[in-house]
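Hi everyone, thanks for having me.

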There are 2 protein chains.
Amino acid sequence: MGEKIEVQERILSRNEAIAKENRQLFESRNLFVFNVMSSPGAGKTTFLVETIKRLRNKYRVGVVEGDVASRVDAERISQTGVPVVQVNTGGACHLDALMIKKAVTHLPLDELDVLIIENVGNLVCPAEWNLGEHLKVVLLSVPEGDDKPVKYPQMFAAADILLLTKVDLLPYFDFRIEEVEKVVKGLNPQAKILKISSVTYEGYGEWLNELEARIKEVGR
Amino acid sequence: MGEKIEVQERILSRNEAIAKENRQLFESRNLFVFNVMSSPGAGKTTFLVETIKRLRNKYRVGVVEGDVASRVDAERISQTGVPVVQVNTGGACHLDALMIKKAVTHLPLDELDVLIIENVGNLVCPAEWNLGEHLKVVLLSVPEGDDKPVKYPQMFAAADILLLTKVDLLPYFDFRIEEVEKVVKGLNPQAKILKISSVTYEGYGEWLNELEARIKEVGR
C-alpha cells in the first residue's frame, strides 16, 4: 500500500496548493466561505435552506452543492432563489479544491458576500480536503447516535463548529449531549458546539449570531 | 487526476484478486460471509447484535468489525459472546480485501458457520470494494431520508439486500417507502428490500428467513 499512500500524499499536497489559491480568490472578492459536512441524512440541505432564508436579508449568498450523483439538493437550494452550482463527483466521496476552483467560475462571485459549500454526505473523506474555506461546519444528527465523534475523530477534530441537528427528536433517542461535548472538546478544544432543529427552529438564532460573528471577523 | 485514476484502478484490481482468494478460503471452510454497509448511525451494530442473538442458536457466528477508529462497536458485539476482530482503518473510508484477509487469521474459521463483516459507516466508499463475501447488505434508516438511493446510487446498485431500518420512526418522518423501492429496483432489479425495527423487532423474522435461505444456497 506504500504506492497508494505516496500518491495520496502528493495529491493532498496539490490540493493544499489549490485551496490556497481558492482562499486568495475569495479574499480578493471579500467573500466569506463555509464548508458544511456530515453523514448522509444529517439534515444539511434542510439546514442550508433555513440558513439561506435568514441570511439573505443581509448578505448575498451563493452555493456550491456537492453530491456523488443527482441534482436533488441543488434543486431544493435553488428554490430559495440564490445562485447554485451542482458538482457531481461521479463516485468520489468528497469535494476537493480543484472542483471548487472550477465550480466558482459559474457563480457571480463579485455579486456575493457569502459562499456556502455543501460537501458530499460523508463523515470520513471530506475531513482532510481543504477547499480554501474560512470555516468548517459539521452536522451530527440525534438519530445517528452519540458515539460518532469517538468513531470518526478526524472530522470532529477538523470542524470549527459542530451543529447537533434534529434536537427535536431527543425525547425519542438515548443521545447523551454531554458525552458528545466531552469527546469533541477533547479532540478540538476550540470547537463551538450548538444545538439546532429545523422542525422547531430552536437554535437558529444562536447559529446565525455565531455565523455573523465569523463573517465579520474576516472583514465583511 | 489521471495518475490518481490509474493508481486507483490498479489498486482495485489488486483488491479483486485478494477478494477472490478470500472467497476461496471461505468456501474451503464452508463459511457463509456477509458484508453490512450503511451511513454512520443507520443502526448497523444494533442490527447485528439482534441478528447474532437470533442466529447463534443454529449457526456459529464470528464478526469482523470495521471502523475508522475506536473499539466501541467491537465491544458491543463481543457482549453477545461471539468472537470478534476489530479492524481500524486509520482514516480509510472502507474495508478492503487485504484487511479482511489479515483479520480472519485472528478468528477460529474452522469453528464458524457464518462470518459477518461490519464495514466502516459510509454510503460511498465501501460500494466498490469486494471483500470476498457472498452477500452485500445495505441499511438505510428512516431518519436519513428517502432520497439516499438517488444520491448514492453505487451503493444501492451493489447491494443484494436493502434493509430499511428504524421503521418504528416512520410516523415522525416524511419517508416515502414506494419511492425508495422504485429507485432501488431501477438501479438493481434483483435487490430484495425488507423493513426492520430494532425497537419493535418488526421484520426480524423475515430478515432471518431471507438470510437463512442465502446461507443454504451456498450449501451449509
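**One helix, then two chains**

Okay, start with helix α2(A): here A:Lys44, A:Thr45, A:Phe47, A:Leu48, A:Thr51, A:Ile52 and A:Leu55 are buried. Buried means that 20 or more other C-beta atoms, placed from the backbone, lie within 10 Å of the residue's own. Helices here are DSSP runs of H or I with at least four residues, strands are E runs of at least two, and both are numbered from the N terminus.

Looking down the axis of α2(A), the buried residues fall within an arc of 150°, so they line one face of the helix. That arc is taken from the directions from the helix axis to the C-beta atoms.

Before I go on: this is a predicted model, where local features need pLDDT of at least 70, side-chain atom pairs count only at pLDDT 80 or more, and totals for chains, interfaces and linings use all residues. Residues are numbered from 1 along each chain as its sequence is written, and chains are lettered from A and ligands numbered from 1 in the order in which they are written.

What do the buried residues of α2(A) pack against? Their partners in chain A include β1 (32-38), β2 (61-67) and α3 (72-78).

Now the two chains. 31 residues of chain B are in contact with 31 residues of chain A, contact meaning C-beta atoms, placed from the backbone, within 7 Å. On chain B's side, the largest share, 4 residues, comes from α1(B). And 100% of chain B's interface residues are also interface residues in chain A, so the copies meet through the same surface.

Finally, chain B can be laid on chain A with an RMSD of 0.0 Å by a turn of 180° and a shift of 0.0 Å along the axis, superposing by least squares on C-alpha atoms of residues with pLDDT of at least 70 in both. That's the relation of a two-fold axis.

How values were computed. Two residues are in contact if their C-beta atoms, placed from the backbone, lie within 7 Å. A residue is buried if 20 or more other C-beta atoms lie within 10 Å of its own, exposed if 12 or fewer, and partly exposed in between; C-beta atoms are placed from the backbone.
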